[in-house]
Amino acid sequence: MKKLMLSLCLSLACAAAAMADTYLGYTNTHFERTGGVRLGNSEKQGLAIKLTSEKLDRLRGKRVLGVRAVFGTSNMDGLEFFVATSLDGEPLYSQAFGGGSPSWKEFRFDTPVDIGDADELYVGYTLTCMQSYKPLQFDGSKGLSGRSFYYTGSGWLDCQGNGADLGCPNIQVIVDDADFTDITLKDLSAGGYYVAGQTYGHGGQVLNFGTVPIGSFDVSFSIGGGEPLVRSFTGLDIAPGQTFDFDLGEYAAGEAGNLDFELSVTAVNGAATDADPADNSVAQAVYVYPAGMRHSLLLEGFTGQMCDNCPAGHQAIAEALASYGGDVVEVFHHVGFTPDDFTMAEESFYLNFFSGQQGFAPSFMVNRMTATGNQAPAQSPTVGSVIATLMQAASVQPYVSVEVNTDYDEARRHVKGSVDVFTHVMPDADTVMVSLFVVQDSILTYQVNGGSAYAHRYAYRGSLYGQVGVRADLAEGATVSLPVDYVLPDAIQSTYSGTLIPTDPDRMYLVAIVSRYLIAPDGTYDCPVYNAAMVPMCADNHTAGIGGVASAPDLAPVVAVDGGRVSVSGDCSRAEVFDSAGRLVRSGSGGSVFSLPSGLYVVRASGCGGSVVRKVAVR
């Protein structure tokens, strides 16, 4: 009986000791069993977190007992955990273990490590596995710069610099029992596109790094040193090791330029400060663009006259654009299907945006970026996919303003001037290209499933700056000007069919595009568009200043909608209404009033006062 009682006491003592252990890290412990990743090309992979001196001050005299971690796969070799004062030097302690698994598991050290008086400690692991496996696990929360690192094969890099929004590593340090209150403010996610005078919603995320539940705290937020917005959060129950997302509501930046977005947390659980106030504030320099600056998205469609599904794709794009309502420049390439009467030789370049996939139509891409959840920039058009991709692109800052300033000699059909690119913020790109397209709208000719007089919208008819454009050497705060000098021919000959398509001065446009140009190591093209501009080719185009809006004559046509009636006024020699499938359904001139059934339409009005294209919804 005594032996049994002794064993029971020892068991209870061990259980009590285990319960007293403290688990510390920057993760909220969330993981997806199939959510593993690889960082870098090396078979050797690794993750580590840093405990700063402020964190260690709460733990002096205690020991590191081991590590708790989760992995993306169990297919690994050479798993080794370490504790070190530097990621580049010899560790204070390391120990090999049999292997990890895609579930949380504790790895207890044979010899605990005294924390001592170190200024900082790194705790992590390395392993090896074949490149077909993804061993690293992150929690998907907001990240922390300078607190988590990954192994590249030749050294360690900050996880926040890898270009992926992964959150924090799923690593927790097991230490002796500790008791302290400590809130950690995660990195401020303030990247994106901001315009002076407009309001934006802001928020953030905190982590309970300590061992005491957090019930309340205050947040202060300001832009450019302006009057701070202060909000209190009470009635909370943030458990140790858990995160909390907070919303601050809308806040406007009153001026343009490089401004500091500043966020700080105070009054944690009602106290003046917590155990580590060093990580209670974050700041990020953000560029706020001038009010009135034009940011146009570029939507490029892939289509073909013999493509039987393309009219439906065109209709989905038209409906999405009418719903979106933002400034979008459209260009349609007749590639991705059988070459037809529109296809130009230089358009073969754009097949690269299918990223190795077989070309197909109908397809579209916005700003040549890969949309969330897609493998290539080009994707199939649905109303939902177009709107979602437009919204994603609209949140990315444009870096530059682009304006087309030209004069038009009607007698000679000669357009001359410049494309002017002003750099607000230097993009992270070794090579920036400027392209200048010739585009013709509403060419009435044959289309499968569209009839013999289908309106082919914004068809690409050639490039004035070559297949991929010309290089622009940008400099922040400076303007780069590229010449425009072009005589519009009576007809443009398509490359593959040899068909001569007559040009119509009222329907010709110049489209200027500023983009990055990079061929990735895997052969895919990484060429996101920063900004674009479209102007009528056969008209004078002048801006009030870089980033401004092109001036228009007072008599420019005006399109208005009133119930089921669409009216066109102003100096207009021709007015046309197309349905969402691209079919011409009404025509007239200035002063015309069209009665239309409910639906989405494109109205084109042109004359001496200029040219106007407007998407309208008739209810």
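**Figure 1. Helix 3 in the predicted model.** The end C-alpha atoms of helix 3 (residues 310–324) lie 21 Å apart, which agrees with the 21 Å that its 15 residues should span at 1.5 Å a residue. The expected span is 1.5 Å times one less than the number of residues. Helices (H or I, at least four residues) and strands (E, at least two) are DSSP runs, numbered from the N terminus. The structure is a predicted model, in which local features need pLDDT of at least 70 and side-chain atom pairs count only at pLDDT 80 or more, whereas totals for chains, interfaces and linings use all residues. Residues are numbered from 1 along each chain as its sequence is written, and side-chain values use heavy atoms, with hydrogens and water left out. The buried residues of helix 3 are Cys310, Pro311, Gly313, His314, Ala316, Ile317, Ala318, Ala320 and Leu321. Buried denotes under 20% relative accessible area, exposed over 50%, and partly exposed the range in between (1.4 Å probe, protein chains only). Gly325 follows helix 3 and has a positive phi, near 80°.

**Figure 2. A nonpolar surface patch that includes Tyr446.** Met306, Phe337 and Tyr446 together make a nonpolar patch of about 290 Å². Patch residues have over 30% relative accessible area and no salt bridge; nonpolar side chains (Val, Leu, Ile, Met, Phe, Trp, Tyr) are joined within 5 Å, and like charges within 9 Å. A salt bridge is a side-chain nitrogen of Lys or Arg within 4 Å of a carboxyl oxygen of Asp or Glu. Areas come from the Shrake-Rupley method with a 1.4 Å probe; for residues, only the protein chains shown count as cover. Tyr446 belongs to strand 25 (residues 443–447). Because its relative accessibility is 40%, Tyr446 counts as partly exposed.

**Figure 3. Strand 13 and its antiparallel partners, strands 11 and 16.** Strand 13 (residues 199–208) is mostly covered, with 7 of its 10 residues buried. Strands pair if DSSP finds at least two bridges between them. Strand 11 (residues 183–185) runs antiparallel to strand 13 and is joined to it by 3 bridges; Ile183 has Asn208 of strand 13 as its bridge partner. Strand 16 (residues 243–252) is also antiparallel to strand 13, with 9 bridges joining the two. Here, Gly204 has Phe246 of strand 16 as its bridge partner.

**Figure 4. The protein chain as context for the close-up views.** The chain contains 4 helices and 40 strands, and its C-alpha trace spans about 110 × 55 × 45 Å along the principal axes. Of its 619 residues, 51% count as buried.
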